[in-house]
Amino acid sequence: MSKKRGRPLTEALTEAERVCLSNGAQLTELRRTVLQLILEAPGPLTAYQLLDQLKEIRKSAVPPTVYRTLEFLMENRLVHKIEQLNAFIPCSDAHHDHHDVQFLICEKCGTVAEIEDHAIVRALAKAAEKQGFHPGKAVVELDGICAACSTSAH
Ligand SMILES: [Zn+2]
Ligand SMILES: [Zn+2]
């Protein structure tokens, strides 16, 4: 269950289908299955965890199957890759700019929240430009303790 997002699974999948269609792409059964696994996971999933789960449904699944599918899902902005975990989470808003996003990664429970704060992106761009650096994508991955974990600790 993707309870942390409070969005029913079927609704998320229907929305994903719509997004693919508007991108001129197709959410095939395989793509849909992989997306569903990511949506249902309580936290980020690595490609190998996905492969293991996928093998229970499709015996023929091999690593390239998973990588190609993840590539597709990222291109269509349905999932994000968390680089430092080398794992994937569902995107909470397929319409936002995936180049300027921040992830809050909880070290305790492993959940990842996605935020989009333009002030952070502007501040980063400004700091970079001061160095004569031309910034490209500004994905920020922040480690720490989430709200739920910090209240349960007291
Ligand atoms: Zn997103
Ligand atoms: Zn936590």
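Helices here are DSSP runs of H or I with at least four residues, numbered from the N terminus. The model is predicted.

**Exercise 1. Check the span of helix H1, and state what follows H1.**

Step 1. Helix H1 covers residues 9-22, which is 14 residues.
Step 2. The expected span is 1.5 Å times one less than the number of residues. For H1 that gives 20 Å.
Step 3. The end C-alpha atoms of H1 are 20 Å apart, so the two values agree.
Step 4. After H1 comes Gly24, with a positive phi near 70°.

**Exercise 2. Find the buried residues of H1 and decide where they sit around the axis.**

Step 1. A residue counts as buried if 20 or more other C-beta atoms lie within 10 Å of its own. In H1, Ala12, Ala16 and Cys20 are buried.
Step 2. Their arc around the axis is only 75°, so they lie on the same side of H1.
Step 3. Turn to the face directed away from the buried side of H1. It carries the exposed residues Thr10, Glu11, Thr14, Arg18, Leu21 and Ser22.
Step 4. Now look for the packing partner. The buried residues of H1 pack against helix H2 (29-40).

**Exercise 3. Treat helix H4 in the same way: span, buried side, partners.**

Step 1. H4 runs over residues 63-75, and its 13 residues should span 18 Å at 1.5 Å a residue. Its end C-alpha atoms are 18 Å apart, which agrees.
Step 2. The buried residues of H4 are Val66, Thr69, Leu70, Phe72 and Leu73.
Step 3. These residues cover an arc of only 160° around the axis, which puts them on the same side of H4.
Step 4. Facing away from that side are the exposed residues Pro63, Pro64 and Glu71.
Step 5. The buried residues of H4 pack against H2, helix H3 (47-57), strand E2 (79-82) and strand E3 (87-90).
Step 6. Arg77 follows H4, and its phi is positive, near 60°.

**Exercise 4. Describe the largest nonpolar core and say which elements supply it.**

Step 1. The largest nonpolar core has 27 residues. Val34, Leu35, Ile38, Leu73, Val79 and Phe88 have the most contacts inside it.
Step 2. At least two residues of this core come from each of H1, H2, H3, H4, E3 and strand E4 (102-106).
Step 3. H2 gives the most to this core, with five residues.
Step 4. Domain 1 (3-90) and domain 2 (102-152) each supply at least three residues of this core.
Step 5. Take Leu35 as a case. Leaving out residues up to four places away in sequence, Leu35 touches Leu13, Ala16, Leu73 and Leu78.

Note on methods: Residues numbered from 1 in each chain as written. Chains lettered and ligands numbered in written order. Predicted model: local features only at pLDDT ≥ 70, side-chain atom pairs only at ≥ 80, totals over all residues. Buried ≥ 20, exposed ≤ 12 C-beta atoms within 10 Å, placed from the backbone. Arc of directions from axis to C-beta. Contact = placed C-beta atoms within 7 Å. Core = buried A, V, L, I, M, F, W, Y, C linked by C-beta atoms within 7 Å. Domains from an automatic or database assignment.
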